[in-house]
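Here is a short tour of a structure, arranged by topic. Have a look at it first, and then we can walk through a few of its features together.

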Protein chains: 2
Amino acid sequence: MFSKSTEYALRATLYIAQKGSEEKKIGIGEVSKAIGSPQSFTAKILQFLTKDNKVISSVSGPHGGFYMTVKAKNLPVRAILEAMGEDEMLDKCVMGLAKCSEKNPCPLHSKYKIIKEQMNGLFETETILQLANNIKNGDVFIKSK
Amino acid sequence: MFSKSTEYALRATLYIAQKGSEEKKIGIGEVSKAIGSPQSFTAKILQFLTKDNKVISSVSGPHGGFYMTVKAKNLPVRAILEAMGEDEMLDKCVMGLAKCSEKNPCPLHSKYKIIKEQMNGLFETETILQLANNIKNGDVFIKSK
DNA sequence: AAAATTAAAGACTATTTTGTCTTTAATTAA
DNA sequence: TTAATTAAAGACAAAATAGTCTTTAATTTT
């Protein structure tokens with residue numbers, strides 16, 4: 001479905017949302033350990049998500065690290081996909097037609113459309129904060145055992 | 001969703017199902033032109049789908065080409081995904097957890113599961129022949145204008 | 001002001017995916 | 001049986017993705 005980069009972005013963001021705040025920033029070492037991802041690669045992804053404070057924020061120096069504002073935590077999960085440039089996945093033709101539409105539908109268009117609508121609904125409805133709370137509760141996980 | 005290879009595989013297979021038969025084989029040139037894909041790359045993909053006559057069949061020489069048996073045409077679309085080794089996509093964790101399950105669910109597991117079930121249903125239910133017939137009727141297309 | 005700590009930046013490498021091109025093998029028609 | 005036609009095989013090349021490592025900049029603590 002998504003690229004490895006986006007998978008790490010989703011998990012890292014949820015971890016930072018769950019554990020961090022403006023007062024308590026999280027270091028890259030802790031993040032990559034918590035989600036089970038390569039540290040340097042994850043660093044690069046987080047730097048990218050930090051550009052223009054799209055989704056996450058950061059400060060350098062001692063006691064620095066990554067965190068999210070309350071406003072950012074209340075964004076839908078889709079915001080992470082958009083920041084990673086993978087939100088087009090949610091509207092892409094399943095057979096790869098450059099222009100797949102009602103006028104020019106691929107053979108799976110009409111049935112796959114319904115599935116895409118549900119995916120859009122899922123990523124639009126769920127907020128980062130909601131999912132982060134589920135992690136906190138111990139109901140769900142962001143690292144494989 | 002799927003790799004370019006699999007997108008081409010889906011479209012090429014539907015074209016061959018629609019236009020070809022044991023009596024009328026289709027050349028690689030015609031296929032790649034009809035679906036708008038790079039010819040040599042498509043050739044490699046079709047060769048792969050021909051291995052062990054998984055989905056499509058072929059013969060070399062004059063009046064040779066690609067075709068599908070009646071039996072193959074009646075396979076579900078999922079057979080193409082399986083042949084391309086991309087059917088695992090239909091069961092993969094959306095956040096990239098190696099082991100995402102009811103016991104160890106990712107934060108999107110329970111809701112994404114429903115979407116996956118529908119995707120599985122779609123690819124399992126639709127047969128290659130059914131979709132090919134829709135192309136023949138002019139209802140749907142496998143090439144972008 | 002100096003040392004320590006942290007992310008930012010960017011060069012670099014490795015792997016996978018996508019794609020091309022040439023040679024070979026199979027088959028058929030003349 | 002020779003020439004023509006087609007896919008098969010496989011070596012290459014290009015581009016995208018994934019990942020590492022080193023240096024720099026920002027910030028804080030001492």
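Let's begin in a loop of chain B: B:His63 sits between strand E1 (57–59) and E2 of that chain, where helices (H or I, at least four residues) and strands (E, at least two) are DSSP runs numbered from the N terminus. This is a predicted model, in which local features need pLDDT of at least 70, side-chain atom pairs count only at pLDDT 80 or more, and totals for chains, interfaces and linings use all residues. Residues are numbered from 1 along each chain as its sequence is written, while chains are lettered from A and ligands numbered from 1 in the order in which they are written.

- B:His63 has a phi near 60 degrees, a positive value in a residue other than glycine.
- B:His63 counts as exposed because it has 8 C-beta neighbours inside 10 Å; the cut-offs for other C-beta atoms within 10 Å are 20 or more for buried and 12 or fewer for exposed, with partly exposed in between, and C-beta atoms are placed from the backbone.
- In chain A, A:His63 is found in the loop between strand E1 (57–59) and strand E2 (65–67), and its phi is also a positive value near 60 degrees.
- A:His63 is exposed, with 8 other C-beta atoms within 10 Å.

**H6 against H6**
- Helix H6 (residues 109–125) of chain A packs on helix H6 (residues 109–125) of chain B at about 170 degrees, with axes 10 Å apart; axes are lines fitted to C-alpha atoms, for helices over the stretch in contact, and angles run from 0 to 180 degrees between N-to-C directions.
- H6(A) is therefore roughly antiparallel to H6(B) (angles over 145 degrees; 65 to 115 would be roughly perpendicular).
- Residues making the contact include A:Tyr112, A:Ile115, B:Tyr112 and B:Ile115, where contact means C-beta atoms, placed from the backbone, within 7 Å.

**H2 and H3 of chain B**
- Helix H2 (residues 28–35) of chain B and H3(B) pack at about 110 degrees, with their axes 9 Å apart.
- That angle makes H2(B) roughly perpendicular to H3(B).
- B:Ile28, B:Gly29, B:Val31 and B:Ser32 in H2(B) meet B:Gln39, B:Thr42, B:Ala43 and B:Leu46 in H3(B).

**Around DNA strand D**
- DNA strand D is surrounded by 24 residues, and the closest are A:Ser3, A:Lys4, A:Pro38, A:Ser40 and A:Gly61; a residue is near a strand if its C-beta atom, placed from the backbone, lies within 6 Å of it.
- Elements giving two or more residues to this surface include helix H1 (4–19) of chain A and strand E2 (65–67) of chain B.

Technical notes
Angles under 35 degrees count as roughly parallel, over 145 as roughly antiparallel, 65 to 115 as roughly perpendicular and the rest as oblique. Two residues are in contact if their C-beta atoms, placed from the backbone, lie within 7 Å.
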